[in-house]
Amino acid sequence: MKKSFAMVALAVVAAASFIGGCRTVVRRQPTDGKLLVFHMDFNIIQMNRATVSDLLRKAADNGYNAILWEIENKVQLDTIPPAIHPEAFTKDEFRAILAEADALGLEAIPLLQIFGHGEYVLNCKEYKHLREQHDKPDCYCVSKPEVRELHLRLVNEYLQLFGDRVKRFHLASDEAYSFGSCPICKKRNRMELYVEHLEALAKPIRERGIRPGVWHDMILDPQHAADRAKLPADYTIWYGDYGYGVSKAGTTAGDKKIESLRKEGREVILCGASQSAGEDPFFPRAKFHRDNLTALAENARKACAGFCVTSWSIRQSLKRFQYPLIDYAAQRYLAPSADAAEDWKAAVTRAFGAEVTPEMVDGLFSCDIYLNGVDGRQWTFFKEGIPPPPLYYRQWMKDYPEYIDNFADRAAKEKARVIKELAKWKAIKSGNELVALAVRAGEMKLLLCETIRAALKGEKYSPCPLDEVAALYSVDQSKISAANSARLVFGFYAD
C-alpha cells in the first residue's frame with residue numbers, strides 16, 4: 001500500500017450514525033487528493049428531497065468526497081423548458097442541495113450528456129429535429145449547428161448553477177450508438193467529429209480552470225485506436241466496467257484497457273456500480289456488484305485518480321437497497337481489511353441488523369436477468385422512461401412467439417426461488433426499516449413473476465396493483481415519478 005493511502009487506512013473511526021434507519025460507520029475522506037465518488041443519477045426518476053439528503057449523508061459518512069451529479073431534466077433549467085420534469089427542483093432548491101453537499105465535504109462534479117442518452121430532450125417535439133436518426137431518440141446529430149448552440153447554452157447554465165465550487169466537469173459521451181451515422185456525419189472521421197464537438201463545449205469549462213472528462217467508450221473503441229490521440233490529454237477518462245472482477249476473462253480484458261490509458265498518461269477514474277443493467281426492478285444484484293467493486297477498488301488504489309460507484313436509476317430498485325454496497329465499496333477503497341468477506345458481512349449488519357446474513361442478502365438480492373426483457377422499463381430499448389401502452393404483452397407475444405414458453409417458465413422458477421428466500425426475511429424478529437422494505441419489495445417481485453407467467457401462458461391474472469407499487473417507489477421518489485416507475489415496471493401487462 002502506498003504511503004499516501006496508508007494515511008487513509010488510519011482514518012476509520014469507531015463512530016456510528018443512523019441514516020434512513022440504518023447504522024453506518026463514519027470514515028474520514030481521502031487525504032491524498034484522490035476521489036471517492038458516488039453517482040447521483042436522476043435519469044428517469046425524480047428522487048424526493050429526503051432521499052437526496054440521506055444519500056449525501058450516507059456518502060459522506062462512508063468516506064466519499066465527491067458526488068457525480070447527473071441531473072438531466074430534474075432541475076428547472078432555462079435552456080430546455082419543454083423537457084423539464086413536472087416535479088423538477090427549482091434552481092434555488094438545487095442550490096440548497098449543493099450547499100448541503102458542500103457542508104459534508106462533497107465535491108460537486110456535474111455530468112451532462114452531449115452525444116447519446118439525450119432521450120429526455122430529443123423526445124420533445126421542439127427538439128426532434130436535432131436527432132442523428134429521425135426514428136431514434138437517444139443520439140444528437142453534432143453536425144447540426146443548433147445542437148452545438150443548445151449544448152453550449154446547457155454547459156454555461158450548468159456552470160452558473162453549480163458555481164465556483166466546480167473543479168471537474170463530466171461530458172459523458174457514452175453509448176452514442178448512432179453517432180456519426182447521418183449522411184453528413186458519416187463523411188467525417190468519427191474521432192475528429194467527436195473531439196471537435198467536445199472541444200467546443202470544453203472551451204468555457206477550461207476558461208474557468210475546470211478539468212473536462214468523458215466516459216471511456218469512444219476513446220477505447222477499437223475502430224478509433226489509430227485516432228484516439230486526437231483527444232487532448234487533459235480529459236479525465238471515467239472508465240466504467242461492471243464485468244471487471246466478475247469473471248477472469250472480463251478482468252484480464254479490463255486490465256489491458258486500463259493499462260493502455262495509464263501508459264498514455266491519461267488521468268483515470270475507475271467506476272463500478274451499486275446498480276446497473278441486468279437488475280430486476282426491485283433489488284440490485286449483491287454478489288455481482290460486490291465482486292466488481294472489490295476488484296475495481298483494489299485496482300483504483302494503485303495508480304488511478306479515484307474510484308466511482310455508479311447507481312443507474314433506470315433499474316428502479318430503492319436507493320436504500322444499495323446502502324451496504326455503497327458502504328462496502330468505500331471500505332475496500334479506503335481501508336480494506338485482509339478479509340473482504342468480513343468487510344461485506346460488517347456492511348450487511350450495519351444496514352440490516354444482526355439477524356440478516358450475507359447469504360440472505362445474496363439470495364434475495366439477485367435475479368434472472370433474462371426476465372428483464374419482459375418488464376416495461378426499456379420496452380423501446382432506449383432510456384425514455386415512457387411506459388408501454390396497455391396490455392403491451394399481447395403485441396410482444398405476436399412479435400416473439402418463440403420466447404413465450406421460455407420466459408413463462410423462467411418466471412415460474414424465479415417466483416419459486418424468491419418465495420424460498422423471502423421466507424428467511426419474513427422470519428426476522430428484530431428487523432429494521434430496511435428489512436421491512438426488502439420484504440415489501442420481495443412481495444412485489446413475486447407479483448411481477450406471477451403476472452409474467454400467467455399473462456404469457458394465457459391465464460387470467462390479477463390486475464396490477466399500480467398504487468401499491470408506486471407506494472413502494474415513493475419511499476425514494478416524488479409522487480408523479482413513483483407512479484411512472486410503477487407503470488414502467490408493470491406496464492407490459494397493465495390494462
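**Figure legends: overall fold and close-up views**

The protein has 16 helices and 10 strands, where helices (H or I, at least four residues) and strands (E, at least two) are DSSP runs numbered from the N terminus. This is a predicted model, in which local features need pLDDT of at least 70 and side-chain atom pairs count only at pLDDT 80 or more, while totals for chains, interfaces and linings use all residues. Residues are numbered from 1 along each chain as its sequence is written, and side-chain values use heavy atoms, with hydrogens and water left out.

**Figure 1. Overall dimensions and surface of the protein.** The C-alpha trace spans about 60 × 55 × 45 Å along its principal axes. Of the 495 residues, 61% are buried, where buried means under 20% relative accessible area, exposed over 50%, and partly exposed in between (1.4 Å probe, protein chains only). Among contacts with a separation of 6 or more, 76% join residues 24 or more positions apart; a contact means heavy atoms within 4.5 Å.

**Figure 2. The largest nonpolar core, with Trp 69 and Trp 425.** A nonpolar core is a set of buried Ala, Val, Leu, Ile, Met, Phe, Trp, Tyr and Cys residues joined through side-chain atoms within 4.5 Å. This core has 155 residues, of which Trp 69 and Trp 425 touch the most other members. Helix H14 (residues 433-456) gives the most to the core, with 13 residues. A second, separate core of 14 residues includes Ala 66, Leu 68, Cys 308 and Trp 312. In soluble globular proteins, nonpolar side chains tend to be buried together.

**Figure 3. The surroundings of Trp 425.** Residues up to four places away in sequence are not counted here. Beyond them, Trp 425 touches Phe 352, Val 356, Met 360, Val 361, Leu 364 and Phe 365, and also Val 435, Ala 438 and Val 439.

**Figure 4. Trp 215 in strand E7.** Strand E7 covers residues 211-215. Trp 215 counts as buried because its relative accessibility is 3%. Leaving aside neighbours within four places in sequence, its contacts include Leu 68, Trp 238, Thr 310 and Trp 312. Leu 171 is 44 residues away from Trp 215 in sequence and 7.8 Å away in space, C-alpha to C-alpha.

**Figure 5. Arg 417 in helix H13.** Helix H13 covers residues 404-426. Arg 417 is partly exposed, since its relative accessible area is 25%. Not counting residues up to four places away in sequence, Arg 417 touches Gly 363, Ser 366, Cys 367 and Lys 445.

**Figure 6. Positive phi at Gln 316 and at Leu 391.** Gln 316, a residue other than glycine, has phi near 85°. Gln 316 lies in the loop between strand E10 (306-311) and helix H9 (323-334) and is buried, with a relative accessible area of 2%. Leu 391, which is not a glycine, has a phi of about 55°. The loop that holds Leu 391 runs between helix H11 (358-364) and helix H12 (392-399).

Notes: Areas by Shrake-Rupley, 256 points an atom, 1.4 Å probe, with all protein chains shown as cover.
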